[in-house]
Amino acid sequence: MTDKYTDLTIHSAHELLKAKKISSVELTKHYLDRIKKVEPQVRAIVTVTEDSALQQAKQADEAIANGKATPLTGIPVLIKDVMCTKDIKTTCSSKMLENFVPPYNATAVEKLNNAGAVMVGKANMDEFAMGSSTENSAFFTTHNPWDLSRVPGGSSGGSAAGVAASEAIYALGSDTGGSIRQPAGFCNVTGLKPTYGRVSRYGLVAFASSLDQIGPLTKDALDSALVMNVISGYDSRDSTSAPEAVPDYTKGLTKNLKGMKIGIPKEYFVEGMQAEVETAIKDAIRKLEELGAKVEWGVSLPHTRHALAVYYIIAPSEASANLARYDGSKYGFSYKDTDSMWEGMEKTKQLGFGPEVKRRIMLGTYALSSGYYDAYYLKAQKVRTLIRREFDQAFEKYDALVTPTSPTVPFKIGEKADNPLQMYLSDICTLPINIAGIPAISIPAGFAKDLPIGMQIIGKPFAEKTIFKISYAYQQVTDWHKKTAKL
Amino acid sequence: MKLSREEVVHIAALARMSMSEAEIEKAREQLANILENFAVLKEVDTTNVSPTTQSIKLQSVMRNDIPGESLPAEKILANAPDREGDLFKLRPVLE
């Protein structure tokens, strides 16, 4: 089921609002209705924020009437439930935070609010952002709008499915090892993981602090640039926030890629990769060549094969430290049926966390424990240096690297649920980017029997503009990103 | 390969997390399987390579200490599992 609003982008909705062809209240009501219609099938949203959305829409209409509209003013957005929203439940899709109501907004949310955004809901995710399918949500699994029997990817699966199902015009997600890009690829939306430090992590519930980054999931590259213009920038409340100036990401977008040098790293066309994915990505790369880019095949990044191990040592190690705070004393779930402080703490974690979170706490604790620290954690951090170095060397020759986002199309719900290692492998193409701290996007690049395929474009640190340039040019001559799921 | 029961129980104790017998049994095998895959790092020569703790070139960021408005105590305590007046109420630490 489609309607005249299903295809709206931020930039097209902005034109309608500015021309007073529709009000933000009308637009917001439409999206709230749409949520009611499709949510029983898709299940992308943990909390629908109808009342505050209509209030924000009213304020947006006043801003528009006063000529103060900016590109995001009055536009409905979904926020992944890992970002703190003042006075609105922020659950991380975990029993641990089921009733947690933050007293403050995450910086990224605050910046959207200041730009007049209208938040229609908090999006479902894998518990504490750990997973690749949303099957680890403690509440329910989100379904892929392109095939409801399949996963939407994860951990930002609710954000991706919500945009794909037109429950909002865009969404914010977070990406620690692929959690924006892999679901964007699986749901046929455009998802950017910015450079580490580009978007403030203040108010983002911490998973792996040296890898986490917030970014947009949108209908196209121009929308992604518009959101980045608002959420990027230095924040004194995040000590890893980058002081680099924020350019206008929408400037310089053209159909011409002349002078652009693109490398294709062969290690990303991995064994076990689906043939349709390989074909689609190779076709897409030829398209970039037609647009004027100089493409070089067979670039080698040999340490790619170590990225999975590096990631699954570093991320759980940081997670085990970050999640130690959930001890049932100040907020969150608390086991009460004991007089012992230690037992209360230990049971709080056992009963408040789901299996994948506990698995990663155990892995991380193991890797950091006495006797194993050097062999696992320190070794992983050293190999991390080599992975970053390899990217730096590649970027001396190329402006960008292009790979598939995931080796396969979306898998069936339940297919990998009992096999953590198989699940980890679905992020094989996205993990190295977080390890290196560089930016990358996933954009729609074709279909295999109605299932979306994503192309990943990787850039130099703080070269989001280059990534947008390539994505925008590609989207001017293709229409994969305009295809919408039939619901 | 499986981890020993004692190893799993030791790690859980370090993490301050209880585990049921069934969880311990499952963890013995699953953790061992995952750890086996980490062996691939042994082949990498990291002599004279310094570790990367994070990817951005920032160190010891300082800022001016400017007093600002604090979060309202009531809103913070509203999330407390247990409270007494304006205080978090915890079980005795010393027994």
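Predicted model: local features only at pLDDT ≥ 70, side-chain atom pairs only at ≥ 80, totals over all residues.
Chain B places 50 residues in contact with 72 residues of chain A. Together the two chains bury about 5300 Å², and carbon and sulfur atoms account for 64% of this area. Of the area that chain B buries against chain A, 14% is supplied by Arg16(B), Leu41(B) and Arg91(B), more than by any other three residues. Arg16(B) also takes part in a salt bridge, its side chain meeting that of Glu346(A) with an N to O distance of 3.2 Å. Four salt bridges are counted between chain B and chain A, and 21 residue pairs are in polar contact across the interface.

On the side of chain B that touches chain A, at least two residues each come from helix 1 (5-14), helix 2 (21-37) and helix 3 (73-77) of chain B. Helix 2 of chain B gives the largest share, seven residues. By residue class, this side of chain B comprises 28 nonpolar, 12 polar and 10 charged residues.

No disulfides were found, the count over all chains being zero. For Cys84(A), the closest cysteine sulfur belongs to Cys92(A) and lies 7.7 Å away, which is too far for a bond, given a cut-off of 2.5 Å. Cys84(A) is buried, at 3% relative accessibility. For Cys187(A), the closest cysteine sulfur is that of Cys429(A), at 17 Å, and this distance is likewise too far for a bond. Cys187(A) has a relative accessible area of 1% and is therefore classed as buried.

Notes
Residues numbered from 1 in each chain as written. Chains lettered and ligands numbered in written order. Heavy atoms only, no water. Buried < 20%, exposed > 50% of the residue type's maximum accessible area, 1.4 Å probe, protein only. Contact = heavy atoms within 4.5 Å. Buried area = accessible area lost by both parts, 1.4 Å probe. Polar contact = N/O pair within 3.5 Å; in protein donor to acceptor, adjacent residues only side chain to side chain. Helix = DSSP H or I, 4+ residues; strand = E, 2+ residues; numbered from the N terminus. Nonpolar A, V, L, I, M, F, W, Y, C, P; charged D, E, K, R; others polar.
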